[in-house]
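I opened this notebook to record what I looked up in the structure. The entries begin with the surface near the DNA and then turn to the interface between the chains.

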Protein chains: 2
Amino acid sequence: MEKDISQAVIRRMPRYYRYLGELLDAGVERISSNELSAQMKVTASQIRQDLNNFGGFGQQGYGYNVRFLYEEIGKILGLDKQYNIIVIGAGNLGQALANYVKFEKRGFIITGLFDVNPALRGLSVRGIPVRMLEELPEFVKNNKIDIAALTMPKESASQVANQVVELGINAIWNFAHLDLELPEHVVVENVHLSDSLMQLSYNIVKKEREKKRIAEYNI
Amino acid sequence: MEKDISQAVIRRMPRYYRYLGELLDAGVERISSNELSAQMKVTASQIRQDLNNFGGFGQQGYGYNVRFLYEEIGKILGLDKQYNIIVIGAGNLGQALANYVKFEKRGFIITGLFDVNPALRGLSVRGIPVRMLEELPEFVKNNKIDIAALTMPKESASQVANQVVELGINAIWNFAHLDLELPEHVVVENVHLSDSLMQLSYNIVKKEREKKRIAEYNI
DNA sequence: GTCAATGTGTGAAAATTTTAACATTAAACG
DNA sequence: CGTTTAATGTTAAAATTTTCACACATTGAC
């Protein structure tokens with residue numbers, strides 16, 4: 001029975017991956033947890049602890065081999081596989097995802113683009129035609145789809161999510177501003193932009209309050 | 001000396017706000033931490049604990065008044081103020097932000113839209129014209145801007161972030177895939193879509209591994 | 001080939017976060 | 001108006017996460 005790794009750790013892994021990728025591009029061959037911690041502004045201890053959840057990737061007296069660690073983290077994150085994605089909701093956000101070429105480099109292939117709006121019929125983004133939502137079941141039957149990205153308004157999101165799951169897609173990247181209630185076997189990752197914006201505004205007012213307090217203290 | 005509230009709590013506040021908004025729309029007047037916890041799938045204890053970081057908003061024997069609590073959380077999150085936002089990078093993502101009307105309801109006004117691409121000159125989104133990046137300093141001088149959303153490629157993000165800070169903007173909503181190094185007084189909120197996608201893919205392979213393990217166990 | 005220096009992996013301590021328990025207060029109700 | 005019930009605010013315990021500290025394996029200089 002392996003105890004599973006906390007989501008806090010998982011949230012940090014892509015960041016390690018990013019920094020290692022940059023080091024790799026810069027031609028750096030090896031790095032110690034200390035150097036990396038300085039760059040990333042986290043403790044070296046946390047880096048070592050995090051990595052050791054998955055195994056020992058470093059070598060005492062040497063540090064970590066950048067390329068090796070980069071690839072291992074890639075495997076941990078499942079980036080050694082390919083995922084076909086359909087994007088449902090071909091508004092600006094959906095188009096933005098479809099246009100973002102970098103995803104493909106990591107094995108995430110945008111395969112289909114769907115919308116309910118007939119005005120979008122005929123439009124295509126990077127060669128991917130916008131299809132009408134009615135065509136979805138047929139499309140999913142004929143193509144192996146791993147992930148559905150939901151970029152439509154929240155009003156229809158819940159229903160579409162259910163449909164998508166019924167069609168056999170088990171992973172959802174949810175941009176709609178609601179929490180989806182789905183069977184336990186479905187993996188959901190939420191991107192709530194409004195929440196993010198509210199966190200920003202919280203931190204803005206917090207900083208203003210701090211500034212004010214300091215000013216008063218100095219009177 | 002007030003000890004400050006952990007970001008874990010802050011991350012949960014927008015979600016409370018959202019659920020309370022829905023209750024409000026549904027005409028619910030009062031709610032107990034228990035009922036809310038059932039809906040939100042968190043413990044009632046956590047809800048009470050979280051709220052009491054900011055003060056006692058409920059009443060013993062009664063629960064919480066939905067409207068009151070909604071508004072109080074709004075104030076905590078700084079949603080009782082208005083923020084003018086400029087979006088730098090008028091690609092699909094920037095346009096998506098500019099088009100998202102709901103932000104305005106919360107007091108986030110998209111005031112300007114900038115890009116380096118001359119091909120976008122003349123384009124306007126919801127009445128907001130795309131301006132050339134050269135016009136930025138002038139524009140910021142003439143308009144009170146609170147937040148800059150960076151939706152351009154990461155290559156130029158760092159430089160633009162510095163420029164924006166020098167122009168006196170102290171809050172950045174960063175969509176570029178890098179960590180910005182900025183003075184301490186600047187508030188940064190990151191939205192790293194790639195990280196989110198990697199977390200999704202981690203959870204996909206994790207679930208697959210689990211499934212496989214269970215299958216093997218049952219042989 | 002030896003030996004100091006480096007730097008991981010890891011067990012334990014410290015800090016933080018979450019959950020549980022309960023004393024207290026207000027509402028509801030007869 | 002008094003009693004019962006509901007549900008908060010709060011203190012304490014449990015769980016989790018982060019940091020510390022150090023034994024020990026490798027490296028690299030001489």
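**Entry 1: the DNA surface.** I found that α3(B) supplies the largest share of the surface near DNA strand C, four residues; near means that a heavy atom of the residue lies within 4 Å of the strand, and helices (H or I, at least four residues) and strands (E, at least two) are DSSP runs numbered from the N terminus. I noted that this is a predicted model, in which local features need pLDDT of at least 70 and side-chain atom pairs pLDDT 80 or more, while totals for chains, interfaces and linings use all residues. Residues are numbered from 1 along each chain as its sequence is written, chains are lettered from A and ligands numbered from 1 in the order written, and side-chain values use heavy atoms, without hydrogens and water.

**Entry 2: DNA neighbours.** I counted 25 residues around DNA strand C, with S33(A), Q60(A), S45(B), Q49(B) and Q60(B) the closest. Sugar and phosphate make up 61% of the atoms of DNA strand C that come within 4 Å of the protein.

**Entry 3: the chain interface.** I recorded 66 residues from chain A and 67 residues from chain B in the contact (heavy atoms within 4.5 Å). The rule finds 10 salt bridges across this interface (a side-chain nitrogen of Lys or Arg within 4 Å of a carboxyl oxygen of Asp or Glu). R18(B) forms a salt bridge with D195(A), their closest N and O atoms being 3.8 Å apart.
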